[in-house]
Amino acid sequence: MKMKLCLLSVAFCLVCGTVWSQSDAQHSEFKKTIFTTTAESGDYTTLTTALKATELDMLLEADGSFTIFAPSDQAFQKMSSQEIAHLMKPENKHKLREMLTYFMVAGSLSASKILNALVRGNGKATFTTVQGKKIKATIDGVDIILTDGLGNKARITTADSDQCNGIIHTIDSVILPTPL
């Protein structure tokens, strides 16, 4: 019972925040694409470079609706520079693309939708990525935690950056579909 009350409280707070941000966004004449926003923000330079290297930048510039759990540069800094350099090599383009599509879910998945799924799932929810594997979501206090198949965890630090072709949620760690 306490868990449901906690989840409902968190959901209410996030929905209120989402409604506020959506009304602000509606007053903006031009929303940007997911890729343009990540490229221009300065907080996702590693992600932007990786998206360009795998040509996923074109996907996130196109029409459609995607949710991206976007690791910030700080999240990528938790990985070793050797791992990142290895992934960025042209011969590892397939592995890099596999990792990046694991950050994406088809459709717009707002924080309130994630919380609704968590409430329905008694504190647990699963989402299928564009890559085809699952991401598990749980709640820790007021934070949504994502867990990959390897047990790595990432916290959504900024939710619901609404774009013309989907939603960006910033995460504090890199989640992986398979070991590097």
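**Exercise 1. Where does T54 lie, and is T54 buried or exposed?**

*Solution.* Start with the place: T54 sits in the loop between α3 and α4. Keep in mind that this is a predicted model. Next, check the accessibility: T54 has a relative accessible area of 1%. The cut-off for buried is under 20%, so T54 counts as buried. Now look at the side chain: one of its polar atoms lies 3.2 Å from the backbone oxygen of L51. Last, set aside the neighbours within four places in sequence, and T54 is in contact with K93, L96, R97 and L100.

**Exercise 2. Which residues of α2 are buried, and what do they pack against?**

*Solution.* Begin with the list: I34, F35, T36, T37 and T38 are the buried residues of α2. Their packing partners are α3 (45–53), α4 (56–59), β1 (66–71), β6 (153–163) and β7 (166–171). Now see how the helix is laid: α2 lies across β1, β6 and β7, and runs at about 35° to β7.

Zoom in on T36, which is found in helix α2 (residues 34–41). T36 has a relative accessible area of 18%, so T36 is buried. Its side chain makes a polar contact of 2.9 Å with the side chain of T33. To finish, step past the helix: α2 is followed by G42, with a positive phi near 85°.

**Exercise 3. What is the strand order of the open sheet, and which strands stand at its edges?**

*Solution.* Walk across the sheet: its seven strands come in the order β2-β1-β7-β6-β5-β4-β3, and the pairing is mixed. At the edges stand β2 (104–106) and β3 (124–128); each has a single partner strand, so one side of each has no neighbour in the sheet. On average, neighbouring strands of this sheet are turned by 30° against each other, direction ignored.

Now take one pair. Strands β4 (residues 134–140) and β5 (residues 143–147) run antiparallel and are joined by five bridges.

**Exercise 4. Which strands does helix α8 lie across, and which of its residues are buried?**

*Solution.* Helix α8 (residues 111–120) lies across β1, β3, β4, β5, β6 and β7. Against β3, α8 runs at about 125°. Then pick out the buried residues in α8: A111, S112, I114, L115, A117 and L118. After α8 comes N122, where phi is positive, near 55°.

**Exercise 5. Is K78 buried or exposed, and what does its side chain reach?**

*Solution.* First locate K78, in the loop between α5 (73–76) and α6 (81–88). Its relative accessible area is 56%, and the cut-off for exposed is over 50%, so K78 is exposed. Next, follow the side chain of K78, which reaches the backbone oxygen of D172 at 2.9 Å. Beyond its neighbours within four places in sequence, K78 is in contact with D172 and S173. Finally, compare sequence and space: K78 and V174 are 96 residues apart in sequence, while their C-alpha atoms are 7.9 Å apart.

**Exercise 6. How many cavities of 30 Å³ or more does a search of the whole structure find, and which residues line the largest cavity?**

*Solution.* Why use a probe? Rolling one the size of a water molecule over the atoms shows where empty space is left. The search finds one cavity of 30 Å³ or more. About 40 Å³ of space lies in the largest cavity. Its lining is made of L87, K95, E98, M99, L176, P177, T178 and L180. Helix α7 (residues 93–102) gives the most to this lining, with three residues.

How values were computed
Residues are numbered from 1 along each chain as its sequence is written. This is a predicted model: local features need pLDDT of at least 70, side-chain atom pairs count only at pLDDT 80 or more; totals for chains, interfaces and linings use all residues. Side-chain values use heavy atoms; hydrogens and water are left out. Helices (H or I, at least four residues) and strands (E, at least two) are DSSP runs, numbered from the N terminus. Buried means under 20% relative accessible area, exposed over 50%, partly exposed in between (1.4 Å probe, protein chains only). A polar contact is a pair of N or O atoms within 3.5 Å; within protein, one must be able to donate a hydrogen and the other to accept it, and residues adjacent in sequence count only if both atoms are side-chain atoms. Contact means heavy atoms within 4.5 Å. Two strands pair if DSSP finds at least two bridges between them. Axes are lines fitted to C-alpha atoms, for helices over the stretch in contact, and angles run from 0 to 180 degrees between N-to-C directions. On a 1 Å grid over the protein atoms alone, a cavity is a set of points where a 1.4 Å probe fits but cannot get out, and a pocket is an open set with protein on both sides within 12 Å along at least five of seven lines; lining residues have an atom within 4 Å of a point. Grid points are joined across faces, edges and corners, and a volume is the space filled by probe spheres set on the points.
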